[in-house]
Amino acid sequence: MTKDSRTSAAKPRSIRNTQSMIERADPIFALAFDAGVMGLSAKSVERRLVHVSDRQNGTREVVDFVRCSYLGLDNHPAIIAGAIEAIADYGSLHWSCARTRLNFGLLSDLEENLSDLFRAHVITFSTVLAANLSAMPILASGYLTGGEKPLVVFDRLVHATLAVHKPLVAAETTVLTIDHNDVDMLEQICRANPRVAFVCDGLYSMGGAAPIDELLRLQRQYGLFLYIDDAHGISLFGFRGEGYARSSIAEEFGDRTIIAASLGKGFGASGALLMLGSQRQEDLFRRFALAFAFSVSINLAGIGGAIASANLHRTQELLDRQIALGERIKQFDGMIETEQTSLPFPIRTIMLGDERAAISAARQLLDRGLYTSAIFFPTVAEGRAGLRVCPTASHLVAEVDCLCRELRSIIDGPAADGSDRVHADH
């Protein structure tokens, strides 16, 4: 990349054109819903088996490769029991009250539990979207960067629940967007500006990860403030499931990093959290975070389930499930080659390019009892449509093997040379 093109890659991108996005994407969404590969109603059975209601085939059992419960904890008996016990104990599901006024006592127990587990000041939210919405104005305000408003840099592929807030941040400070994982460009920006905050994912929802070690180097060298959405990395890494980002940071969390994470996905419960680095930051968020001051907490079932999961994270079972997940990922990589092959993350994308080909492939797999995600614009860039697959710790060896064989037959057909590998487009 030339210097001029690199410079142009870092420019304000706070203007949205939702009308254009809808006009371009709506016909493909309609095709996916008509094909019956989106909007399915289902009931979980065991492990990754679900009963789906399918207009074309009625209700039947399929193997789910869509859900992001990478460790298979979302239907763990202990988490279900924790949810039921919390509701029974409090005689309620939900309090309609802003959290600056009244909180469940059990929620305080959960936040203390998570703070100890992840070695940070933890505040919980109902969703990661609510957590990110709460954090962005405070980040832009300068109160996290020594009273000086930072230049806020977004990774181009940051999750939609962060990217949507660029105009909100731009109302208070300068916003730039740089190419995905462009550490060199970010370092140039750090050299030229005294206060810089970088917003990125830990693990990206369509595969790959942030270069955490390089980002921490920039933090040490330039004082870079890091906001990392590690929704897909939590529980999968670290002795206590701290996640991809937190497990890369030393014992002392420090006050120049915030990590957002899901309490669903790998954690297997419900809700979200922010890991903060100081009591002052915690106080700011408890007083001024939008979803804290003007919305409600995780409901009691989610709180009880999250406490049960936090307790599971302190047992050998966490490591056993992390190991099982790694084995299923390696098994998939041994049969299907993707852009993510050899990466230790549980998201694989098979790029087909054409939206209709992606929807057709997802439909054929569903007809064969395997549910995968057809992905297309605006979830991914135009021309990069394909399938997204999530191997998990709860999938059987035979189920992953079946998926790979069916993928091969749909995408490539029988290989003339007898090869066992499918080559997705790059």
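The protein chain carries 42 positive and 50 negative side chains. The centres of the two sets lie 3 Å apart. Lys and Arg count as positive, Asp and Glu as negative, with His and the chain ends not counted; each charge is placed at NZ of Lys, CZ of Arg, CG of Asp or CD of Glu. The model is predicted: local features need pLDDT of at least 70, side-chain atom pairs count only at pLDDT 80 or more, and totals for chains, interfaces and linings use all residues. Residues are numbered from 1 along each chain as its sequence is written, and side-chain values use heavy atoms, with hydrogens and water left out.

The radius of gyration is 22 Å, which agrees with the value near 22 Å for a compact globule of 426 residues. This radius is taken over C-alpha atoms, and the globule rule is 2.2 Å times the number of residues to the power 0.38. The C-alpha trace spans about 65 × 60 × 40 Å along its principal axes. The secondary structure comprises 15 helices and 16 strands. Both are DSSP runs numbered from the N terminus (helices H or I, at least four residues; strands E, at least two).

Of the 426 residues, 55% are buried. Buried means under 20% relative accessible area, exposed over 50%, and partly exposed in between (1.4 Å probe, protein chains only). The accessible surface comes to about 18,000 Å², and carbon and sulfur atoms contribute 52% of this area. Areas follow the Shrake-Rupley method with a 1.4 Å probe; for residues, only the protein chains shown count as cover. Among contacts (heavy atoms within 4.5 Å) with a separation of 6 or more, 72% link residues 24 or more positions apart.

The structure holds 0 disulfides (pairs of cysteine sulfur atoms within 2.5 Å). For Cys-200, the nearest cysteine sulfur is that of Cys-190, 12 Å away. Cys-200 counts as buried because its relative accessibility is 0%. Cys-404 is likewise in no disulfide; the sulfur of Cys-402 is the nearest, at 9.3 Å. Cys-404 is buried, with a relative accessible area of 0%.

Backbone geometry was also examined. A cis peptide bond joins Phe-377 and Pro-378, with omega about 10 degrees. Pro-378 sits in the loop between strand 14 (373-375) and strand 15 (385-389). Arg-119 is not a glycine, yet has a positive phi of about 55 degrees. Its loop runs between helix 4 (105-118) and strand 4 (121-125). Arg-119 is partly exposed, at 25% relative accessibility. Asn-181, also a residue other than glycine, has a positive phi near 55 degrees. Asn-181 lies between strand 6 (175-178) and helix 8 (183-192), in a loop. At 28% relative accessibility, Asn-181 is partly exposed.
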